Amino acid sequence: MRRLSRRHVVEMVRKERRQLFRDPRTRLVMFVAPVIQLVMFGYAVNTDIRDTAMFVVDRDRTPVSRLLVEAFETTGRFRVEGASTDAADLGRSLDRGSAIVGIEIPSGFAADLAAGRPARVQILVDGTQSNTATIALGYAGRIVQAFALDRAESDGIPASGGSAAAGIDLRARAWYNPALQSRMYNVPAVIGVVLLLMCLLLTALAVAREREVGTLEQLMVTPLTPTELMLGKTIPVAVVGMIDLALVTGVAVFWFRVPFRGSVLALIVAALLYILAGLALGLLISTVSRTQQEAFLTMFLFILPAVILAGFLYPVETMPAFFRWLSLLDPVRHFLVIVRAIFLKGEGIAGLWAQYATLLAMAVAALSFAVARFRRTIA
Amino acid sequence: MAEADLGVHPSEPVIDADELTRRFGDFVAVDGLSFAVRSGEIFGFLGPNGAGKTTAIRMLIGLLEPSSGSARVAGHDVRREPDAVKRSIGYMSQLFSLYSDLTVRENLELFAGLYDLPADRREDRIRWALGTAGLEGRGDQLTATLPLGLKQRLALGSAVLHEPPVLFLDEPTSGVDPVARRTFWDLISDLAAAGTTVLVTTHYMEEAEHCHRLALMNRGRLVALDAPSALEASLHSPILEIRTNDPTRAAALLAGIEGIEDATMVGRSVHAMVADEPTARVRIAEVLEREGIDLRSVDRVRPTLEDVFVSVVRRSGGVVEG
């Protein structure tokens, strides 16, 4: 293997930098698109529920039953869309889709509560909207339980149905994200997706474009070595990646007020390893693509499964076993674990050593494979 | 005729190919190619598409590994010393291969850097390349905005920035207008006169005339190798130039008749290679009159390279389809 020429690398980096920064559209893709994506995910991908349409069937018609309905409304998560004393109206409302949640309070509800007997409330949800339904059901359950405990305390009677009956006041608290705001969870994760997209897009397309136009061939008849060429292609992209990291982290912290409890160094180290793996994947894609179009399609073949398996929108824990195992091969998954832990828990490299080690191993493996393939397809 | 010629040159060949062969699966793209090019020579590869010219060049410049055989360029074995070969050559391909989104000067600076030009020579050479391309004072212009002819001259200047002893040109003037092509060839002649050895592939006949020697290729093989004038003289069958009002139909009709070895359109007339001139003249008149084509003149002409080419290609099995 020939010695690495510093001059060749510098020339290539300068050339790539000029090409990347000269085109206004490329600049837009590099620096504006990531922020737009983050803002979109921050606002649009909101798995919290708010103002969920609710239909109320109150057959108890007591001040206590009205208080329960009020308890739902005051959370801001539910809005009474209609009320009736006929259970059939509730069914129709759910069928029509005008309400997503239905609550039916049977007669004798207040009396049961006052007597310390188990009080029953029926909650119906529209299961076709499974995400909202699950979340709504969770909230409704908590509201009813809290209401029961409240009544029991003010009446001096232990409420059954709630755990207070056993003398234990069970209160669930979500640590690190007390309000369970999905934004706190999603926004840091977008950083991972944005960085991967950028690395793959810029490297794979840049190499494929040179192959398509014929400049790659021109480069390969000069004394430039494949390794020098690869460094020239990847260093500027890595720099762009780090700028994007700073940009997106800034928006997450200062605009979305996502707490940043960990160390900046831990985040930078993780991002470097992750970017390295991403660049290697980009190079690999470029070695199997003759044109930019092929590179683009191959990229999407990879990026969608990578994002889905990463637990970005759906938690890894609920995936079937096979996909849970498969997701271990997904660098995005490990990076997301790191980023969320750094932001929300203030975790450091020591506490996340397994994820860091995995990312490092992936970066090294992907890079050596990419280098080998790159040398073979180029030289 | 090729091998007999080689020993004549006293100096050691700058390009020396020995039974160079490249297969792609079952397809033999270049088949046992042997030739030698001496210093300062403009050596042309002439052949139809698919003849193996580009594959041959790609093996000589180290972009493609030969399946068998060997070659030396500027004294270096292309297989064993590809790096030394790369430093000794300049290469320009049929695709325009400078960066269109860089300025003229940025392109030249890049290649000056990649060829390790020392700082003191760098500015001189860049200025020289700008002058050669006729782009003095336009160094800051984006390369994309240049007309094709200027781009090609710039690509040539960039390919010889490091003053390589050997220059490879793969169909360098495809798509360029005749005037720009002539300017381009003047540059090549100057380089050769200054001692640069040039190997060029082309399918333009008038370009082939610029070469000192021509290697005619067809179906991966070398089918003739000589100076253009010698190749023309080697054609013994008389050539008749036939002028009609419908050259296309005339060529098609005449190609099939007995006593005419070949008939092709050359410009607005038909060139027919005939076995015996008097008999052929009679048959041509008959056939054209029967078909209602207006015969204006039939003249015996000196064979052109194109006639040689057509005849050689036909004798070596015709053009590869596809």
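Mentor: Let us begin with the open sheet of four strands in chain B, whose order is 12-13-11-14 and whose pairing is antiparallel; strands pair here if DSSP finds at least two bridges between them, and helices (H or I, at least four residues) and strands (E, at least two) are DSSP runs numbered from the N terminus. The model is a predicted one, in which local features need pLDDT of at least 70 and side-chain atom pairs count only at pLDDT 80 or more, while totals for chains, interfaces and linings use all residues. Residues are numbered from 1 along each chain as its sequence is written, and chains are lettered from A and ligands numbered from 1 in the order in which they are written.

At the edges of this sheet stand strand 12 (260-266) and strand 14 (295-301) of chain B, each with a single partner strand, so one side of each has no neighbour in the sheet. From one strand to the next the twist averages 25°, where angles run from 0 to 180 degrees between N-to-C directions and axes are lines fitted to C-alpha atoms, for helices over the stretch in contact. Strand 11 (residues 239-244) of chain B pairs with strand 14 of chain B in the antiparallel sense over six bridges, and Ile239(B) is found opposite Val301(B) of strand 14 of chain B.

Two helices pack on this sheet. Helix 10 (residues 247-255) of chain B touches strand 11, strand 12 and strand 13 (269-274) of chain B, and its direction makes about 165° with that of strand 12 of chain B; contact here requires C-beta atoms, placed from the backbone, within 7 Å. Helix 11 (residues 277-290) of chain B lies across strand 11, strand 12, strand 13 and strand 14 of chain B, and runs at about 160° to strand 14 of chain B.

Chain B also has an open sheet of six strands, with mixed pairing and the order 6-7-8-3-9-10. Its edge strands, each pairing on one side only, are strand 6 (89-92) and strand 10 (221-226) of chain B, and neighbouring strands are turned by 15° against each other on average, direction ignored. Within it, strand 7 (residues 166-170) and strand 8 (residues 197-202) of chain B pair in the parallel sense over five bridges, with Phe168(B) opposite Leu199(B) of strand 8 of chain B.

Helix 2 (residues 53-60) of chain B lies across strand 3 (42-46), strand 7, strand 8 and strand 9 (213-218) of chain B, at about 150° to strand 7 of chain B. Helix 12 (residues 305-315) of chain B, in turn, lies across strand 3, strand 9 and strand 10 of chain B, at about 35° to strand 9 of chain B.
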